Amino acid sequence: MQSSAQVQSVSQSDTLASFWMPFTANRQFKAQPRLLATAKGMHYTAVDGRSILDATAGLWCVNAGHCRESIATAIAQQAQVLDYAPTFQMGHPAPFELADRLVQMLPGDLNRVFFANSGSEAVDTALKIALAYHQARGEAARTRLIGRERGYHGVGFGGISVGGISGNRKQFGSLLPGVDHLPHTHDLAQNAFTRGVPTWGAHLADDLERLVKLHDPSTIAAVIVEPVAGSTGVLIPPQGYLQRLRSICDRYGILLIFDEVITGFGRLGTAFAADYFGVIPDLMTVAKGLTNGAVPMGAVFARQGVHDAFMQGPEPSIELCHGYTYSGHPLACAAAMATLDIYATEGLFEQAQSISQYWEDAVHTLQGLPGIIDIRNIGLVAAIELAPWPDQPGKRAYDIFVQCFEAGLLIRVTGDIIALSPPLIIQRGQIDRMIDVLRQVLQSRGDAVD
Ligand SMILES: Cc1ncc(COP(=O)(O)O)c(C=O)c1O
C-alpha cells in the first residue's frame, strides 16, 4: 500500500505537462485528470482516495487481479540475483524455463517461443517470421500480408499496416507495401443482441478467396486476425468463420496468425482463443496477461514446422536476424512464471468459464436502456454499443466513461462502444455492482431512447 503522503504528492504534482500521454486527448485530460494511486485485487484507489472497481483489468492485462504478492515477490527476488542478462549468443535459465512452461499450455504443435516486450513487438515479430519463413522455404515471392478491417495489432509499422483502424494509420504515411484487408465481421442488422458466438457471417471468411484470386497465392505470406477483435469493440467471430479462414489458408499455403494479445490467458474461459474455437494458427502473438501486466512482455508462439524451416542450411548462422535487448528479460520471466502459477493454482481460466453465464445474463439486463443498440459477450468480455450522437462520434460513450469513473467504476470505451473485461477473479457481487453503476449512469443521463 502507498502511504497517504505518497498519494498526496501525486495529487499535488504541480504540472502534468511533461508526460506526452499515449492514445489520449492530452489537453482534455490535463484539464481534468484522472489519476490512480494504488491497486489491489479488483480495485484501484484514485489519488483522492476513492475506490474504483476495475471492469477492464487495467487495459485487458491484469487477469489475476492487481498487486498479487507472489508476482511482486518473484520480481523483487529476481532483481536481486540477476537484474539483466543478454539473450543474444548468451543466455540465462529463466526464458528457457518459461518457454517450456508455456509450450505445455499451448494447443497442437505450437511449441516454439520467441520473446518480445509488448503486443506490438510480438505482432511485428510474427509478421517478420512469416515473411522469413517463406523465404527460407524458397518461396520468397510470398510477401503480402492480409489483415482485417477494424483489426488492432498494436502500433509498430507492421501492426498498423495490417491493422484496420484508419485513425491509427492516417498520420503515418504509406505504411508497409503489399498489405490487403479482409472485411470485418460486425453487422448489427444480423447479429444485434447475440449472446455468445453469432450464427450469421461465416461466409465473410470467403473474401480471402477473392484476395487469393486477386493477388495469386504465390504472393501471399500470411493472414493475421484477432480471434475476437478487442480494441475496436469486442467483435465476436461468427460460428465457423475462423475454421473457414484456417482451411483457406491451408489450401493455399498461407500462414494463419492469431493475435491473442487480448484473448490469451483465460479471457474466454480457456487458455487461448485457439482452444475456445478449436482452430490452431501457425503463429500466435501474446502479451498483457502473460505477466498479469506487472512487467512488459510479449511473445510469439510458432508451430514446430514454422520454426524448423529456419533450422536448415549451413551452420553456424543466425537463423532469424531479429530480437530485442530485452527478449526474455529476467524480471519479465519471473513475473510470467509467478503469473502462470496463479492461473494454475487458482484455476482462473476455469473460474472465468464458470462465471461467464452469470456475466452474460447480467450484461444483457441492460438491454432497453437509452441509446443501447447492441450488447454482446463471450467468455469474460462484453460490449455495450451505443448509438452515436449525430456529428459527435465517441462523445456519448466518453461522457459515460467519465461519469462511471466518478461513480467508482473503470470501464473502457472505444468509439461509442463500452468494452468490459474484468480481472478473471471477479465475483458475482462485483458483477452486480458493475452493472448497477452502468445502469444508474445510463438512466441518469436522460438521453432519448434511440
Ligand atoms: C490484439 C492486440 N494486439 C496487439 C496489441 C498491442 O499491444 P501493446 O500495447 O502491448 O503493444 C494490443 C493492445 O491492446 C491488442 O489488443
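Gln89 is exposed, with a relative accessible area of 72%; exposed means over 50%, buried under 20%, and partly exposed in between (1.4 Å probe, protein chains only). Gln89 sits in the loop between α4 (69–81) and α5 (93–105). Its phi is positive, about 55°, although Gln89 is not a glycine. Helices here are DSSP runs of H or I with at least four residues, numbered from the N terminus. The model is predicted: local features need pLDDT of at least 70, side-chain atom pairs count only at pLDDT 80 or more, and totals for chains, interfaces and linings use all residues. Residues are numbered from 1 along each chain as its sequence is written, and side-chain values use heavy atoms, with hydrogens and water left out.

Trp60 also has a positive phi, near 65°, in a residue other than glycine. Trp60 belongs to helix α3 (residues 57–60). At 4% relative accessibility, Trp60 counts as buried. A cis peptide bond joins Glu315 and Pro316, with omega about -10°. Pro316 is in the loop between α13 (304–310) and α14. Helix α14 (residues 330–345) contains Tyr343. Tyr343 is buried, at 3% relative accessibility. From C-alpha to C-alpha, Tyr343 and Leu176 are 38 Å apart in space, and 167 residues separate them in sequence.

Helix α11 (residues 241–252) has 12 residues and reaches 17 Å from its first C-alpha to its last. This is close to the expected 16 Å, taken as 1.5 Å times one less than the number of residues. The buried residues of α11 are Tyr241, Leu242, Leu245, Arg246, Ile248 and Cys249. They cover an arc of only 170° around the axis, which puts them on the same side of α11. The arc is that of the directions from the helix axis to the C-beta atoms. Gly253 follows α11, and its phi is positive, near 70°.

Residues around the ligand (a heavy atom within 4 Å) include Ser118, Tyr152, His153, Glu226 and Lys288. The shell divides into three nonpolar, six polar and three charged residues. Polar contacts are pairs of N or O atoms within 3.5 Å. A backbone N or O atom of Gly119 lies 2.9 Å from a ligand oxygen atom. In the side chain of Ser120, an N or O atom is 2.5 Å from an oxygen atom of the ligand. For the side chain of Asp259, an N or O atom is 2.6 Å from a ligand nitrogen atom. Taken alone, the ligand exposes 390 Å², and the protein buries 83% of that; areas come from the Shrake-Rupley method with a 1.4 Å probe.

Technical notes. Helices (H or I, at least four residues) and strands (E, at least two) are DSSP runs, numbered from the N terminus. A polar contact is a pair of N or O atoms within 3.5 Å; within protein, one must be able to donate a hydrogen and the other to accept it, and residues adjacent in sequence count only if both atoms are side-chain atoms. Ala, Val, Leu, Ile, Met, Phe, Trp, Tyr, Cys and Pro count as nonpolar, Asp, Glu, Lys and Arg as charged, and the others, Gly among them, as polar.
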